[in-house]
Amino acid sequence: MNEIKTDPLVEKIAKRMLARSNAGVIKYGNTMRTAEKPLVEWINDTQEELIDAVVYLEKVKEKISQ
């Protein structure tokens, strides 16, 4: 029988996602499944998160280029 192997990096990320989700449930009192807001707000939130990610990546590029 084949042994199931997991990727430690994926496990690490999954644990962080679960911890972040739990913190959000505590803070906002609901889950992403039950959260409600206009679709355009979901789009705006996603755009802001992605913009932040690009800034963080640029910072890392500067650090590794020094």
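This is a predicted model: local features need pLDDT of at least 70, side-chain atom pairs count only at pLDDT 80 or more; totals for chains, interfaces and linings use all residues.

Student: Why is Met 17 called exposed?

Tutor: Exposed means over 50% relative accessible area. Met 17 comes out at 57%, so it counts as exposed.

Student: What makes Leu 9, Ile 13 and Met 17 a nonpolar surface patch?

Tutor: Patch members need over 30% relative accessible area and no salt bridge, and nonpolar side chains are joined within 5 Å. Leu 9, Ile 13 and Met 17 make such a patch, of about 320 Å². For Met 17 you can check the area yourself: 57% is over 30%, so that condition is met.

Student: On to charges. How do you know that Asp 45 and Lys 37 form a salt bridge?

Tutor: The cut-off is a side-chain nitrogen of Lys or Arg within 4 Å of a carboxyl oxygen of Asp or Glu. Between the side chains of Lys 37 and Asp 45, N to O is 2.2 Å, so the pair qualifies.

Student: Are those two buried or exposed, or something in between?

Tutor: In between. Asp 45 has 31% relative accessibility, so it counts as partly exposed. Lys 37, at 28%, therefore gets that label too.

Student: How many salt bridges turn up in the whole structure?

Tutor: The search finds 2. Besides Asp 45 and Lys 37, there's Lys 61 with Glu 58, at 3.5 Å from N to O. That is within 4 Å, so this pair qualifies as well.

Student: Where do Lys 61 and Glu 58 sit?

Tutor: Both are in helix α2, 3 residues apart, which is about one turn of the helix.

Student: Last one: which helices line the largest pocket?

Tutor: α1 (8-28) and α2 (39-65) each supply at least two residues of that lining, and the largest share, 9 residues, comes from α1. The pocket holds about 960 Å³ of space. It is lined by 19 residues, and the closest to its centre are Arg 20, Ser 21, Gly 24, Tyr 28 and Met 32.

Student: What classes of residue make up that lining?

Tutor: It has 8 nonpolar, 5 polar and 6 charged residues.

Technical notes
Residues are numbered from 1 along each chain as its sequence is written. Side-chain values use heavy atoms; hydrogens and water are left out. On a 1 Å grid over the protein atoms alone, a cavity is a set of points where a 1.4 Å probe fits but cannot get out, and a pocket is an open set with protein on both sides within 12 Å along at least five of seven lines; lining residues have an atom within 4 Å of a point. Grid points are joined across faces, edges and corners, and a volume is the space filled by probe spheres set on the points. Helices (H or I, at least four residues) and strands (E, at least two) are DSSP runs, numbered from the N terminus. Ala, Val, Leu, Ile, Met, Phe, Trp, Tyr, Cys and Pro count as nonpolar, Asp, Glu, Lys and Arg as charged, and the others, Gly among them, as polar. Patches are made of residues with over 30% relative accessible area and no salt bridge: like charges are joined within 9 Å, nonpolar side chains (Val, Leu, Ile, Met, Phe, Trp, Tyr) within 5 Å. Accessible areas come from the Shrake-Rupley method with a 1.4 Å probe; for residues, only the protein chains shown count as cover. Buried means under 20% relative accessible area, exposed over 50%, partly exposed in between (1.4 Å probe, protein chains only).
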